[in-house]
Every structure is written in C-alpha cells, then in structure tokens.
Amino acid sequence: MDLVEVEYSEECRSTGFGLRLVPATENGVGAVLVRCSVDAPDMRRLPPFQYQLHSLGQESLLAKPYKAIVAQLVRHTAFPVKLRYVSVPTACDLHFPKKSAKLNLKVQAHNDGRRLQISNYVKPFKTTSQIPSLLLGSHYIAAINGVPTQDQHSDQTIATMQDPQTYPMVVRLSIEQDDNSQLVQRPHLLARSTRLSMPLKRPAPPSAPRVAKRPNPAVPTKAKPPALPATSMDNPIELSDSSDDEAHVQPSPAPPPPPELSLLTRHSAVRTPFGVGAIVDIAHPPGRDCVFSVRLGEHMVGHFNRASLQYVHDVPCATYEKRRSKGQVLLTYGDIGRLDESRLFNDSILDFYFSYLLDTLPEPQPPTVVCSTFLFSRFQQARKAGLAPAHAAVKRWSKAGDLFATKYLVVPINESGHWSVAVVCNLRRFLQTDVCVCGLLQPDEPRPTAATCAACGRPRDLAQEASDGVCILVLDSLKCHRTLRTTKFLREYLQLEWDTQHRAARGPVVFSHKVLPVVVPPAIPRQTNNCDCGVFVLHYVELFLRDPPPITLEFLSAKKPKAAAKTPEATAAPDEPPHHLDASWFSAADIPAKRRLLQRLVRDPAVVRQHHGASMPAKDASPAKDQDDGLAKGQDEDAAMAHDEDAAMDEGDSPTDDEEGKLGPWPTKEHEQLDESPATDTSSVEMSVPLSSSPVPAATGPTEASV
C-alpha cells in the first residue's frame, strides 16, 4: 500500500486543510480524499477517491468514524502538522456468518452475465465486515469461499450465494475503476462546498455578559433556515481552519456561481447558435476549458464552450389543451427529451398521453378517471402521520367528480423510480339502487339463481353480475412494486372516499380483500430493460380501455386470467374470444413504436400548441414546419407539483419574448444527470461535425436481482 506524507505549514492556519472528503466505507468509518484546494506539491499526485486519510500527526484515523475525522480536522489549530494518506484497497472480503432471507445486496450482471457487480448495499447490512464505499470503484464479485467466479454465469453465482450450504460465506470483492464508477464519482468531484468550508472563528474573549433582548410577541420572528447536514455522501465538505491572530476577523464567503453554471450538465437542454440541443458529453482537456458536445439533430453533434450555451431545460416548448375536461399539460424541452430511447418517462409525459388518450377514445366511452400521478406518493408520504392527514393531502383531487361513479379508475403508481398502474373496475356498481348489490357487499354468501333478491327485494341483474365484477387489476412490467402495498393504499383511499361522500346516505361498506379483490395477470408482456416502464404503463392502459376484458366470476376466482397461449406469437382460434392480459396481448415491437408515436404527437400542431419560435422537426425525412402559435402559460395543478423518488423535476421560468424566437430544434438522446466544473472560456463555437448516418441504438440496462 502506498503511503504519502504531506506537511501543512504555518500558512495553513488561515486556509485550513482545504480537503474535500467522503466516507471511506458504507458503514461510515474512515475518510477518502476527493480533492484538495491547498497547493501542496505532494498533493498533486493523489488522484481522487484513491487515497484514504491514514493519520494526523501520530494519531491514526483509519478506524475513526467519518464524522469524528471531520470534526477533528475542522478544530485542528496546531501547525505545522503532517497528514498521511494511504492508498485505498483494490480488493476486500465480506464475511456473511449465516444465511438470511435476503443478503440486502443489489447486484447486476455485465459482460453477457459473466461478471456480477454489487450496485448497492441495503441497510441493515448482513455482513460483519466493513463495506468499502461504492465511490472507491465498482464492486465486482471475484470469488466466493475462495472459488473464483470469473468462469461462472451470474445466475450460477447468485444461486451459490443463496445456497444454505455455502454459509458461512466469504465474498471476495474486486474494486475497479471503470465507466460505471466514474459516473458515480463525477457528481462528488464537481459538487459545491457547504457552509462548513468557511474558516472557523475562535471563540471571542470573555467580556461583560450582554442582556438578551426580550422578544416582542406582537412582532413575528423569521424562522431560521434548516442547517445543512454536516457530513453525508451526498454532501461532501471542505475542511478549513483559522489562526489565533485572525480569530477576530470574519472572512466573507466567496460569492456563489451563477445558477446557470451548475445547470449545464450532461444531457441538459441548451440553446446554441445553431438551435436547441442536448449535452451528450463534457470534456476537460488539460490546460484548456471545458468542451461541451451537443447533439443538434438526428445525426449531428457540435462542440461548444460554456459561453456559447444557454440552459433551456425547463423552458416551455408545447402545451396540450384538454378537450373533454378542464386544464392543460405543459411540456418543456426537458420533458420532450425523455421520449428518446432508453429514457425514463416523467409525470408530465404520462399526464400528456393519458389526457390525449381520454380525448381520443371513441364515444360512447364508459366513465373513466385517470388519477394524478402524484396520488400514490402524496398519500404514502402523509400516511405516516395517520389516515386522516393522508386523506387530507389528496382529497382535493377527487372534488371534480365522484370516484364511485366510474367504471374504470386508473391509478398510476410511481415508487423507487419505477412506474406501474392499477385499474379499479366497476366501482359504480356500489351506487346502484335499482338492482341488488348484496353480492358485492357479501361475496361469501351463496347467491340463489332467483331473479329477485330475497334479502333486499330488488331485482338482480344476472348479466351484470356475470361479467362486471369489481376488482383491482395490477399491471407491473417488472413485477417490482409490492402488490400488497399497492392494494392496501387503494382500499384505504377508497374507504376514506366512501366514508366521506356516501356513508351517510348509502350506509357503511368495508372494502376488504373479499369485497375488492386483486387480480395480477401472470403472463402479460413485460419489459426487458430498465427504462421502458412508463411506456408499458401507457400501452397497458390504452389497450385495456380500447378493448376491456369482461370481469367474469372465473376471472375473479382464479385471481388471474387464464392465458390461452404461452408465446406472443400464438393467436386465438376463430371460435375463441380475443386474448386479454396474456402473453399475446401485444408484441415487443409495440413499445418502441409507442415512443415514436409520442414523438410525433408532441410535434404535431394539430395536437399541441407549440411555443413561439420552437421548431421541432419530425423524425422522418420530411422537412419541419415552423410553428407561430403562442404557448399558454398555464399548467395543470398536478403537474406543477414536485415528484418524489427519482427524481425531482423542478419548473423553470418561462422565457422572455426575446428568447422565444431563438429556440431551435430539440434532439432526443438519453439523459443522465452529471455535474461538471465551471469554466471561464469566452471563445465561440469550436467545431461542428456530422455523425454516422446509422441510427443510434437504444441502450439496454443491466439485469438486476436482489440477493
């Protein structure tokens, strides 16, 4: 292991150590160097994330908690002092003493399944060893109990880890620097320092105590902003110190960089002298300023410096006016960029297509309501405080109509960066007064075949009872979301809605799993990557609403539809009904076709009103048509709310009239959020080169599994 000793002189009293650190382990022990702002010769040869703090003076720091190391360096005032760094390990062993139901490891396969990478460690950790930080490099499983895994398939390695005979188990990790590790490290390399990077003041000498002013209750006091967390992996800090001579001086903090500098990140939407494009790469040539590669069309990339670019990721681009309901959906350049292959859809895209779908379905259409994409996340967030706060957080979304008057209630679910959808069928049957509904409220009671119910005296609609059952249909293209969690949310939400709106007039109804059963089709088409979940949700809902299956008693009793075919290529016989919710429901080619359809819709002036001056060419070879329609400033209240989990999507200000005429075509390309360091070059465009005429292949995400 390489040991490097750096001596900090008396001059560092005023500057401090100038270190940016992150925890060395996932357990919060040790500290790893990210970079140093002090110009020390020995520090120049220490690459980021490759050296750990070894000792300060004669005191070892290897086994100290990260927070304790930070506090010690911040308070250190004795200079000169020697700080030693040791290279981080490139391999380690993780000891698992016993078999658990889950090892709390998230793994993914690479190189055709020949290498298994640990992409995340989930707490509580099941290993008794210190886990090296994922910032040190990519963690690959090299051996299990001394047996190399390089010649095994990833499925075989996972099976070995799940075998009880393997325990106690020792997993040998190989920590390597590759493209995946650079993607993880780059945001921390370029992150801004926190307020803790300011030099600390020595406590003032004792003096006569001041008499505290009595607060005036009539004058409201402003609440202090919450303090930034002192240490975290998402908030690396710079350490500095102050000398005794300068204790009475309060240095002024450096002015923050302009907001736009931190927004110019990889794959953000920017405006160039040649139109609007997406940043696809950021180069940092030695001795030169940053060079931004911007995709300007289907097969064209230009290279620019910072002064040539302007951030337009949140600039409005198009508005969809709802026709059968009130409101509109605003789409920004950032939203439209998500329609490209290998991009995850956000709430704006789903809201747009659901609104378009409801407007274009043929009449007469049974009463259908698509809930807000924020309903699930908002309810679950407020559910921690109880059912009453949870209902209060979302009840305004049901003011426009009665959910129990619908035949189909579509509820998009977003959790952990994944989309799924639940469809509650035939809720309107609970409000029927002209026919018997005893079978709904008492599903366990045997039902006679008489035309009139003996309990309530009302006539029975036998055809409706046979084909319009009430259920929750859950469609998940990855089987990622927990069905129990989804159905519990829906039953609680509908119970609260019923008790609020109908209990007084209709009486109590308990939405148990028997009254509102769940149906999970086992053989529907599913995605084979990690980016098409939103496309599948849109396609599931469209096909279901265009040709809904009958909710028969056999359908409900089996808790799943019986697929008539095992493969997508199979077709139904002429005398059989069409397949619903099975493997032959639709083909895999429908998913990329759905993306292309959405790309055409957001560029069609007959569908959306385009922003003034925003020319968005179609994907085919036909020339684009310039649109002069103005864009309304309004937006749906639902789409204006901040999304949870994956991703926060902040709203940007609308551009001025001068900016509107300069917006150009939007390219489509995969977006991944990466920060980059500021540059000061003011020169103009460097070059513009064409790419190959072959289409850009869609990226396919790695296979993931929880061990």
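Keep in mind that the model is predicted. The chain has 707 residues, and 48% of them count as buried. I see 17 helices and 28 strands. Take the contacts between residues at least 6 apart in sequence: 71% of those join residues at least 24 apart.

Let's start with the salt bridges. How many does the structure hold? There are 15.

First up, glutamate 5 and lysine 82. Their side chains meet at 3.4 Å, N to O. Glutamate 5 sits in strand 1, residues 3-8, and lysine 82 in strand 6, residues 81-87. That pair links distant parts of the chain, 77 residues apart. Glutamate 5 is partly exposed at 36% relative accessibility. Lysine 82 is partly exposed too, at 35%. Arg84 joins in: Glu5, Lys82 and Arg84 are linked in a network of salt bridges.

Next, aspartate 93 and arginine 172. Here the closest N and O atoms are 3.0 Å apart. Aspartate 93 is in strand 7, residues 91-96, and arginine 172 is in strand 12, residues 169-176, so the bridge ties together parts 79 residues apart in sequence. Aspartate 93 is partly exposed, at 32%. Arginine 172 is partly exposed, at 36%.

Then arginine 324 and glutamate 363, with closest N and O atoms 3.2 Å apart. Both lie in loops. Arginine 324 is between strand 19 (316-321) and strand 20 (328-332), while glutamate 363 is between helix 7 and strand 21, so this pair ties together parts 39 residues apart. Arginine 324 is partly exposed at 40%. Glutamate 363 is exposed at 55%.

Look at aspartate 359, in helix 7, residues 347-360. Aspartate 359 is buried, and the nearest side chain of opposite charge is arginine 323, 4.8 Å away. A salt bridge needs the nitrogen and oxygen within 4 Å, so aspartate 359 has none. What does the side chain of aspartate 359 make a polar contact with? The side chain of tyrosine 320, at 2.6 Å. The aspartate 359 side chain also reaches the backbone nitrogen of arginine 324, at 3.1 Å. Setting aside close sequence neighbours, aspartate 359 touches Tyr320, Glu321, Lys322, Arg323 and Arg324.

Glutamate 26 is another case. It is in the loop between strand 2 (19-23) and strand 3 (31-36). Glutamate 26 is buried with no salt bridge, and lysine 123, the nearest side chain of opposite charge, is 7.1 Å away. A polar atom of the glutamate 26 side chain lies 2.9 Å from the backbone nitrogen of leucine 134.

Back to helix 7, for packing. The axes of helix 7 and helix 16 (residues 590-601) come within 12 Å and cross at roughly 85°. That makes the two helices roughly perpendicular. Helix 7 brings Ile349, Phe352, Tyr353 and Tyr356 to the contact, and helix 16 brings Lys594, Leu597, Leu598 and Leu601.

Last stop, helix 8, residues 375-383. Its buried residues include Leu375, Phe376 and Phe379. The buried residues of helix 8 pack against helix 9 (387-394), strand 22 (408-415) and helix 12 (483-501).

Cysteine 371 is in the loop between strand 21 (368-370) and helix 8. Is cysteine 371 buried or exposed? Buried, with a relative accessible area of 11%. Beyond its close sequence neighbours, cysteine 371 contacts Leu409, Val410, Val411 and Pro412.

Conventions:
Residues are numbered from 1 along each chain as its sequence is written. This is a predicted model: local features need pLDDT of at least 70, side-chain atom pairs count only at pLDDT 80 or more; totals for chains, interfaces and linings use all residues. Side-chain values use heavy atoms; hydrogens and water are left out. Helices (H or I, at least four residues) and strands (E, at least two) are DSSP runs, numbered from the N terminus. Buried means under 20% relative accessible area, exposed over 50%, partly exposed in between (1.4 Å probe, protein chains only). Lys and Arg count as positive and Asp and Glu as negative; His and the chain ends are not counted. A polar contact is a pair of N or O atoms within 3.5 Å; within protein, one must be able to donate a hydrogen and the other to accept it, and residues adjacent in sequence count only if both atoms are side-chain atoms. Contact means heavy atoms within 4.5 Å. Axes are lines fitted to C-alpha atoms, for helices over the stretch in contact, and angles run from 0 to 180 degrees between N-to-C directions. Angles under 35 degrees count as roughly parallel, over 145 as roughly antiparallel, 65 to 115 as roughly perpendicular and the rest as oblique. Lists of a residue's contacts leave out its neighbours within four places in sequence.
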